[in-house]
Amino acid sequence: MADAAPPPSKRKRELADAGTAASCTEDKEAKVASVGNGTSAPAHFPFSGFRVKKVLRESARDKILFLHGKVNEASGNGEDAVVILEKTPFQVEQVAQLLTGSPELQLQFSNDIYSTYHMFPPRQLSDVKTTVVYPATEKHLQKYLRQDLRLVRETGGDYKSITLPHLESQSLSIQWVYNILDKKAEADRIVFENPDPSDGFVLIPDLKWNQQQLDDLYLIAICHRRGIRSLRDLTAEHLPLLRNILREGQEAILQRYQVKGDRLRVYLHYLPSYYHLHVHFTALGFEAPGSGVERAHLLAEVIENLERDPEHYQQCTLTFALRADDPLLKLLQEAQQS
């Protein structure tokens, strides 16, 4: 069971109250503007009705369900939406309160010293984190659909001639990133900021973390500098930025959450979910999505590689996973067979 997150402490530079709202994520396209961010006011879905068309993906282990549905059908043909339902982690104080009371129970079985029940908690202990992608495009539906994966190796030449042109034609909008950087959205949720336009960044909690416990701590550092799409763009020119993110991000997390750097996994994704450079900070013991060796690149090692060879990521071969029906997989496989 997770420990409750400690109260915020004083911190240097531009640390701000992180709040308790659901946070920024690589699935940011699921957010609808910034109205109500950081508040607990009553809210409504941005559509009427929801008719389930398909279960895109589900995980009993992670207690999460991805649904594709039709909405607003009463006013026409309807629109597509994706709703993601996820059980939230336990909180120590609330669970203790629940067990000392008289919870509603149904006995499933009893044998010697062992017994199993279904417990029905009160409303404040039974919330389900709900993420909405609306209106959803075909790209969103494919993104959340469970599919078989294939490993592929991409050379520097493959990236320039195949991957980059393909991704530039396929990428989802990243206007939400610019809204955060320009303080047009979620400004009250920034945990830390280095405002330098070239070597600075903002640090903000990820949507996958509800900020109620530290076991699944997850924050994202988003660089201010535009035009750095991914790991492939990095050269020695970007070392000051990367060092700032590593050092100042760890310091900010230590001051805000009392979690030391040796308890953090700090890494970049390749391929990333969106093409504006960002770095992931997760609790070391948390098996965050995308933290496997086929996608995650530790920031400290990225820095070391660039110190040794400024063009390392323009020239090296990178391995990553693609969905079996991803057009990019076919393009790369065909190039490697020719």
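Which residue stands opposite Leu 67 in E3? In this predicted model, where residues are numbered from 1 along each chain as its sequence is written, local features need pLDDT of at least 70, side-chain atom pairs count only at pLDDT 80 or more, and totals for chains, interfaces and linings use all residues. Side-chain values use heavy atoms, with hydrogens and water left out.

The residue opposite Leu 67 is Val 83 in E3. Strand E2 (residues 64-71) pairs with strand E3 (residues 79-87) in the antiparallel sense over eight bridges. Strands (E, at least two residues) and helices (H or I, at least four residues) are DSSP runs, numbered from the N terminus, and two strands pair if DSSP finds at least two bridges between them. In general, strands of a sheet pair through backbone hydrogen bonds, either parallel or antiparallel. An open sheet is formed by four strands in the order E1-E2-E3-E6, with antiparallel pairing. Its edge strands, E1 (51-59) and E6 (128-133), each pair on one side only. From one strand to the next the twist averages 20°, with axes taken as lines fitted to C-alpha atoms and angles running from 0 to 180 degrees between N-to-C directions.

A charged side chain is also placed over a ring in this region: Arg 57 lies over the face of Phe 66, at 4.3 Å from the ring centre. The criterion is that NZ of Lys or CZ of Arg is within 6 Å of the ring centre and within 35 degrees of the ring normal. Likewise, the charged end of Arg 226 sits over the ring of Tyr 178, 4.0 Å from its centre.

Nine aromatic pairs are found in a search of the whole structure; rings of Phe, Tyr and Trp (its six-membered ring) pair if their centres lie within 6.5 Å, and planes under 30 degrees apart count as stacked, over 60 as edge-to-face and the rest as tilted. One of these pairs, Phe 47 with Tyr 134, is edge-to-face, at 5.5 Å centre to centre and 70° between the planes. The two residues are 87 residues apart, with Phe 47 in the segment before E1 and Tyr 134 in the loop between E6 and helix H2 (138-144). Phe 47 counts as buried (under 20% relative accessible area, against over 50% for exposed and in between for partly exposed; 1.4 Å probe, protein chains only), because its relative accessibility is 12%. Tyr 134 is likewise buried, with a relative accessible area of 19%. Together with Phe 45 and Phe 50, these two residues form one aromatic cluster.
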